[in-house]
Amino acid sequence: MPTGTYTVVATPASPSPAVTRAEAKRQLRELADDAEIDRLITAAVGFVERDLALSLTPRTVRASFERFPCVDDPDGLVLSWRYGPVSSLTSIEYRPAGDAWVTLDPADYEVDLASEPPRVAPLDSWPHVPRGLDRVRLTFEAGFTVVPEELKQALLLLVEHWHIEPESAGQLPAAVKPLLANWRYYHAPVA
């Protein structure tokens, strides 16, 4: 399977953040500067999203691949990606040569978003694309409409841990690891 890289291309204003300042203040049980709390929330959300390869809140994401899968790949012609949760696939684009992007007709492929990871396969075959960086792009909508409680708790514990021990930023406290473990099915190395 081709390797992919993931880029958030648009983040609409979320009706509700992954964790609110008020929730973080309750978790800290002490006075803390609002700016520091906001900074810690942003750091915790970014850490968890990167570590688990998922979006906590709805946004548009683009996955870029070096090529379409071929028959010789372990999964055959199925193209899957490890970023989620995915609510819809917006488009598949490819660059056959030069810089002009071509959008694939949705009638030419089938999408399975219920699988983990999500996947797409051609009804016949993928177009020929010369090997190279950023030759195939999938644009999709990803993110939870309601952040699962165990992920919220992990975020709050990270905020608290990094507030109490600022020098440990980037490290996972032991209580957070099991909360994140159940969400690792989205995670795979992305190059």
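Aspartate 34, with a relative accessibility of 30%, counts as partly exposed, a class that lies between buried (under 20% relative accessible area) and exposed (over 50%), as computed with a 1.4 Å probe on protein chains only. The structure is a predicted model, in which local features need pLDDT of at least 70 and side-chain atom pairs count only at pLDDT 80 or more, whereas totals for chains, interfaces and linings use all residues. Residues are numbered from 1 along each chain as its sequence is written, and side-chain values use heavy atoms, with hydrogens and water left out.

Aspartate 34 forms a salt bridge with arginine 21, at 3.4 Å from N to O; the term denotes a side-chain nitrogen of Lys or Arg within 4 Å of a carboxyl oxygen of Asp or Glu. Because arginine 21 belongs to helix 1 (residues 21–28) and aspartate 34 to helix 2 (residues 34–52), the pair ties together parts that are 13 residues apart in sequence. Helices (H or I, at least four residues) and strands (E, at least two) are DSSP runs, numbered from the N terminus. Arginine 21 is likewise partly exposed, at 35% relative accessibility. Arg21, Asp34 and Asp38 are linked in a network of salt bridges. In total, six salt bridges are counted.

A further salt bridge joins glutamate 49 to arginine 59, with the closest N and O atoms 3.2 Å apart. Since glutamate 49 is located in helix 2 and arginine 59 in strand 2, this contact ties together parts that are ten residues apart in sequence. Both glutamate 49 and arginine 59 are buried. Strand 2 (residues 59–65) is itself mostly covered, six of its seven residues being buried. Seven bridges connect strand 2 with strand 8 (residues 136–142), and the two run antiparallel; strands are taken as paired if DSSP finds at least two bridges between them. Within this pairing, threonine 60 has glutamate 141 of strand 8 as its bridge partner.

An open sheet is formed by three strands in the order 3-7-6, with antiparallel pairing. Strand 3 (79–80) and strand 6 (109–112) stand at the edges with a single partner strand each, so one side of each is left without a neighbour in the sheet. Strand 3 is joined to strand 7 (residues 119–122) by two bridges, and serine 80 stands opposite arginine 119 of strand 7. Arginine 119 also forms a salt bridge with aspartate 112, the closest N and O atoms being 3.1 Å apart. Aspartate 112 is partly exposed at 23% relative accessibility, as is arginine 119 at 38%.
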